[in-house]
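The sequence and the structure are shown first, and the points are then grouped by topic.

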Amino acid sequence: MDKRLQYIYENFDSMVIGVDEPFKFHCTMCGKCCINREDILLNPKDVYDMAKELKMEPKDMITKYCETFIGESSRIPSVRIKPRGSIKRCPLMKDHKCSVHKAKPTVCAMFPIGRCIQINETKNDKKFQHSDIQYVFTNPSCGDASETHTVREWLSEFGIPLEDAFFIAWNQLIAELGIIFHKGEKVFNEEIMDTVWTLTFVKLYLDYDTSKEFMSQFEENASQILAVMRQMPTKKGKKKKGGN
């Protein structure tokens with residue numbers, strides 16, 4: 001696990017911040033938050049927005065700027081920005097500025113605020129609500145403390161809604177698929193799971209027309225992949241007695 005993510009995991013309770021709780025931060029455009037980073041994870045909407053801004057297909061954008069992997073604990077196909085060089089610089093950083101500023105990844109737009117929904121990886125039949133979203137303030141290690149903001153104001157400035165329908169839907173999908181894949185790995189061999197993960201990755205991250213609205217496409221893709229994965233056996237079949 002990335003060191004930053006590990007720190008948040010271990011200190012989560014002390015970092016939680018309410019939506020109307022003040023925090024101090026002023027971005028001085030120093031670019032420090034764009035180096036020494038291996039934790040810039042992209043969700044499907046990030047991929048869609050960035051590909052559209054760059055006038056690229058989602059597949060080509062991911063191939064050029066990202067790397068994919070299966071989440072260590074989530075077991076979900078995941079995408080992250082692939083840093084470059086010894087300073088692990090974001091490949092989208094041009095002349096000390098973000099080349100996709102208008103469509104930057106959500107985690108970058110929200111920095112130094114993070115958000116999550118805590119998911120039970122072994123059992124989760126709960127329908128998530130906006131009240132389940134939790135926010136954390138992470139030590140930015142850059143900028144200064146000359147401005148005071150609230151989470152509500154900060155997110156609004158970057159066009160990120162508190163009641164984010166995609167964020168809820170994405171986490172709900174992750175929760176269900178994670179349970180299915182955890183069980184599936186106990187049943188299927190590596191080759192079959194690779195096929196399952198590839199299908200999931202293509203459907204959730206790549207199968208988009210950037211000339212069309214995102215959310216309806218995501219909902220259709222999510223519905224289709226769930227319909228398939230819900231049919232996947234999660235227990236090994238029992239051998240019949242006396243059979244060959």
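Two strands are taken to pair if DSSP finds at least two bridges between them. With that criterion, the hairpin of E4 and E5 has six residues between its strands, and Arg-75 there takes a positive phi near 65°. The model is a predicted one.

**Overall dimensions**

- The secondary structure of the protein chain comprises nine helices and ten strands.
- The radius of gyration of the protein chain is 20 Å, which agrees with the value near 18 Å that a compact globule of 244 residues would have.
- Taken along the principal axes, the box filled by the C-alpha atoms is roughly 75 × 40 × 35 Å.
- Of the 244 residues, 40% count as buried.
- The accessible surface amounts to about 14,800 Å², and carbon and sulfur atoms contribute 51% of that area.
- Among contacts in the protein chain with a separation of 6 or more, 74% are between residues 24 or more positions apart.

**Strand E5 and its partners**

- Strand E5 covers residues 77-81, and four of its five residues are buried, so E5 is largely enclosed by the rest of the structure.
- Strand E4 (residues 66-70) pairs with E5 in the antiparallel sense over five bridges; within this pairing, Phe-69 has Ser-78 of E5 as its bridge partner.
- Strand E3 (residues 41-42) also runs antiparallel to E5, joined to it by two bridges; here Leu-41 is bridged to Arg-80 of E5.

**Strand E9 and its partners**

- Strand E8 (residues 113-116) and E9 form an antiparallel pair with four bridges, in which Phe-137 of E9 is the bridge partner of Ile-113.
- Strand E1 (residues 16-17) is joined to E9 (residues 134-137) by two bridges, and these strands run antiparallel.
- Tyr-135 of E9 is the bridge partner of Ile-17.

**Helix H8**

- Helix H8 spans residues 190-206, a run of 17 residues.
- From its first C-alpha to its last, H8 reaches 23 Å, close to the 24 Å expected at 1.5 Å a residue.
- At the start of H8, a side-chain oxygen of Asn-189 comes to within 3.2 Å of the backbone nitrogen of Glu-191.
- The buried residues of H8 include Met-193, Val-196, Trp-197, Thr-200 and Phe-201.
- Towards the end of the numbering in H8, Lys-203, Leu-204, Tyr-205 and Leu-206 are buried as well.

How values were computed. Residues are numbered from 1 along each chain as its sequence is written. This is a predicted model: local features need pLDDT of at least 70, side-chain atom pairs count only at pLDDT 80 or more; totals for chains, interfaces and linings use all residues. Side-chain values use heavy atoms; hydrogens and water are left out. The expected span of a helix is 1.5 Å times one less than its number of residues. Buried means under 20% relative accessible area, exposed over 50%, partly exposed in between (1.4 Å probe, protein chains only). A polar contact is a pair of N or O atoms within 3.5 Å; within protein, one must be able to donate a hydrogen and the other to accept it, and residues adjacent in sequence count only if both atoms are side-chain atoms. The radius of gyration is taken over C-alpha atoms; the globule rule is 2.2 Å times the number of residues to the power 0.38. Contact means heavy atoms within 4.5 Å. Accessible areas come from the Shrake-Rupley method with a 1.4 Å probe; for residues, only the protein chains shown count as cover.
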